[in-house]
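Please read them beside the sequence and the model.

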Amino acid sequence: QTRVYGRDRTRFMESLVVGDIAELKPGQGTLTLLTNERGGIVDDLIVTNTSEDHLYVVSNAGCADKDLAIMRGRAAELQGAGGDVHLEVSDNALLALQGPSMAQVLQAGLSDDLAKLSFMKSITTTVFGVPGCRVTRCGYTGEDGVEISVPAGRAVELAERLLGVPDVWPAGLAARDSLRLEAGLCLYGNDIDETTTPVEAGLLWTLGKRRRAAMDFPGAAIIMAQVKEKPKRKRVGLTGLGLPAPAHLPVSPGTVTSGCPSPSLGKNIAMGYVEAMHSRAGTTLAVEVRKKQHPALVTKMPFVPTQYYVAK
């Protein structure tokens, strides 16, 4: 978690990512992509324009070091040219509370009205007596949920308080992975990386309209050429596999990048990259699992409808 300060903080962030950061209202966040000059995805980030005087940036933990090095390098360039920007790395912990009962559970520990907090909106508040927490209505499950940035010294206290509620259970990465796959969400390092572009990954919606016209983000020429000419491969959903498909299995023609049994659907699901000509929903392909060919059907995602909350 990084805070970006200074009057040039928006210009700084837009020099690194594809999203329209300038259009974010106070307290509003967006998923965006940090790209390289080849159009590849260095990381997917959540950037929030806080109601205070900074941008709040959440990186993937596994990419934190490389992201910070890139951000520090760009900040130094801007500072050298007279720009006003500086970074502050947060030592806060991050707790995710997700699922249909989230609002009921969390509301008991908040004075703020969660009914007014829509998906991708963020507030700073006290949570079950722990002050200075940032609550963002988002998460990596496709369900209604929040991510709570909490001072590290009180993270265990807050986690234990939440786990003391009968409706709350601890969940590991396997549960998180099946949920995000059912929701059709990419996992960095599996489904997106520095060799995949936003267009190939089906993440074109992350490119702000103004940013597309300005072409002022890293790799813009390559990415926008793919928008115009269509990519050679696309990320697709797959169902009907006879066996669970682990990552990086061959699919004719292409590669599976994520796969698991879907607890919600009672069948195996996967996603991967196939040649564009074979990416239409309803197309039958073959996936090789344990040296045997299994039929797979190209399927629209999300596999399970998402439950993101929009305030009325």
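Into which domains is the protein chain divided?

1. The model is predicted. Its protein chain is split into domain 1 (2-89), domain 2 (94-165) and domain 3 (232-311).

2. Residues 254-304 are 0% helix and 63% strand, and here the end C-alpha atoms lie 24 Å apart.

3. The rest of this note concerns domain 1 and domain 2. Their C-alpha centres are 24 Å apart, and 12 residues of domain 1 contact 9 residues of domain 2. About 750 Å² is buried between the two, with carbon and sulfur atoms giving 58% of that area. On the side of domain 1, Gly27, Ile46 and Tyr56 lose the most area to domain 2, together 47% of what that side buries.

4. Between domain 1 and domain 2 there is 1 salt bridge. Glutamate 52 forms a salt bridge with arginine 134, where the closest N and O atoms are 2.7 Å apart. Polar contacts between domain 1 and domain 2 come to 3 residue pairs.

5. On the side of domain 1 that touches domain 2, the elements giving two or more residues are β2 (28-35), β3 (41-49) and β4 (54-58). β2 gives the most, with 4 residues. By type, the residues of this side are 4 nonpolar, 7 polar and 1 charged.

Methods. Residues numbered from 1 in each chain as written. Predicted model: local features only at pLDDT ≥ 70, side-chain atom pairs only at ≥ 80, totals over all residues. Heavy atoms only, no water. Domains from an automatic or database assignment. Contact = heavy atoms within 4.5 Å. Buried area = accessible area lost by both parts, 1.4 Å probe. Salt bridge = Lys/Arg side-chain N within 4 Å of Asp/Glu carboxyl O. Polar contact = N/O pair within 3.5 Å; in protein donor to acceptor, adjacent residues only side chain to side chain. Nonpolar A, V, L, I, M, F, W, Y, C, P; charged D, E, K, R; others polar.
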